[in-house]
Amino acid sequence: GAGLLSEETSATSVGILILHNNAISAETWHGAGDDLRKALRPRLERLARDAVKNTLTPFEPTPLALEDGTWICPFPFASAQTSIGAGCLIWSNSAPPEPTGSCRRKVEQLIQVTAGRAHNLIQLGEAKVQLQQYERWFKRLDEQLRVLDRERQKFTSVVNQTDTYVFVTDDSGVIKWTNKAMSSRFIPDAAAKEWLGLPCRGICEGLNSGHCGIEQVGCPVKRA
């Protein structure tokens with residue numbers, strides 16, 4: 001983009017600064033030596049920040065003669081949607097030529113197209129970063145699900161043993177689940193067909209526990 005602008009405007013050098021998230025994300029110079037870049041970069045950065053901040057009312061490109069005889073013409077680096085930075089046309093040996101209407105329009109279109117492509121690349125970069133973040137999240141989630149599944153398999157292996165008796169209660173001691181061995185070994189009284197919904201006191205009494213009832217200090221369910 002900078003090289004084409006130099007050709008279309010007869011500028012000896014061109015510099016462009018692009019901002020993203022309040023920081024310089026890209027910088028390109030065509031035909032400018034180190035001294036010229038160092039001299040113009042602070043001015044161009046201020047203009048870039050001003051253009052991005054006031055994207056709806058950017059500054060007007062105005063040729064300006066420097067003390068050493070160099071002419072510059074800063075311009076907002078803007079696409080059709082927004083300003084993303086600023087550029088600067090530089091004529092080292094003479095004043096800039098007076099542009100014709102068609103030349104001005106061509107340069108403006110070139111700036112708009114170049115800035116539009118740069119803006120699209122920035123958005124594409126953001127999308128790639130977001131995609132990579134999502135991929136990391138999904139990978140971590142998948143790893144956690146695998147760990148949980150292994151733990152589930154271990155738990156299932158334990159509770160399905162015929163000599164292991166397991167039951168689950170809520171905070172009030174009401175039985176919510178039992179494994180098959182528990183249901184087969186400990187039969188509730190004749191009035192109930194299963195343990196679900198019954199207090200765990202019945203099981204503890206069947207085991208001759210001396211601490212029956214969730215309200216008891218020594219209740220094993222309460223301790224758990």
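**Layout of the chain**

I counted six helices and seven strands in the chain, bearing in mind that this is a predicted model. Reading along the sequence, I noted the pattern α-β-β-α-β-β-β-α-β-β-α-α-α. For contacts with a separation of 6 or more, I found that 44% join residues 24 or more positions apart.

**Interior**

I looked up burial next, and buried residues make up 31% of the 224 residues in the chain. The largest nonpolar core has 18 residues, and those that touch the most other members are Leu5, Val14, Ile16, Ile18, Phe77 and Leu89. Two or more residues each come from helix H1 (2–9), strand E1 (13–20), strand E4 (71–78), strand E5 (83–91) and H3, with H3 giving the most, six residues. Apart from this core I found another, of 15 residues, which includes Ala32, Leu44, Ala48 and Cys88.

I then listed the neighbours of Ile16, leaving aside residues up to four places away in sequence, and among them are Ala2, Leu5, Leu44, Phe77 and Gly87.

**Surface**

The accessible surface of the chain comes to about 14800 Å², and carbon and sulfur atoms hold 53% of that. I also noted a nonpolar patch on the surface formed by Tyr134, Trp137, Phe138, Leu141, Leu145 and Leu148, which together have about 650 Å² of accessible area. Leu141 lies in helix H3, which spans residues 101–159.

Why does Leu141 count as partly exposed? Its relative accessibility is 43%, and the class of partly exposed runs between the buried limit of 20% and the exposed limit of 50%.

Definitions and conventions: Residues are numbered from 1 along each chain as its sequence is written. This is a predicted model: local features need pLDDT of at least 70, side-chain atom pairs count only at pLDDT 80 or more; totals for chains, interfaces and linings use all residues. Side-chain values use heavy atoms; hydrogens and water are left out. Patches are made of residues with over 30% relative accessible area and no salt bridge: like charges are joined within 9 Å, nonpolar side chains (Val, Leu, Ile, Met, Phe, Trp, Tyr) within 5 Å. Accessible areas come from the Shrake-Rupley method with a 1.4 Å probe; for residues, only the protein chains shown count as cover. A salt bridge is a side-chain nitrogen of Lys or Arg within 4 Å of a carboxyl oxygen of Asp or Glu. Helices (H or I, at least four residues) and strands (E, at least two) are DSSP runs, numbered from the N terminus. Buried means under 20% relative accessible area, exposed over 50%, partly exposed in between (1.4 Å probe, protein chains only). Contact means heavy atoms within 4.5 Å. A nonpolar core is a set of buried Ala, Val, Leu, Ile, Met, Phe, Trp, Tyr and Cys residues joined through side-chain atoms within 4.5 Å.
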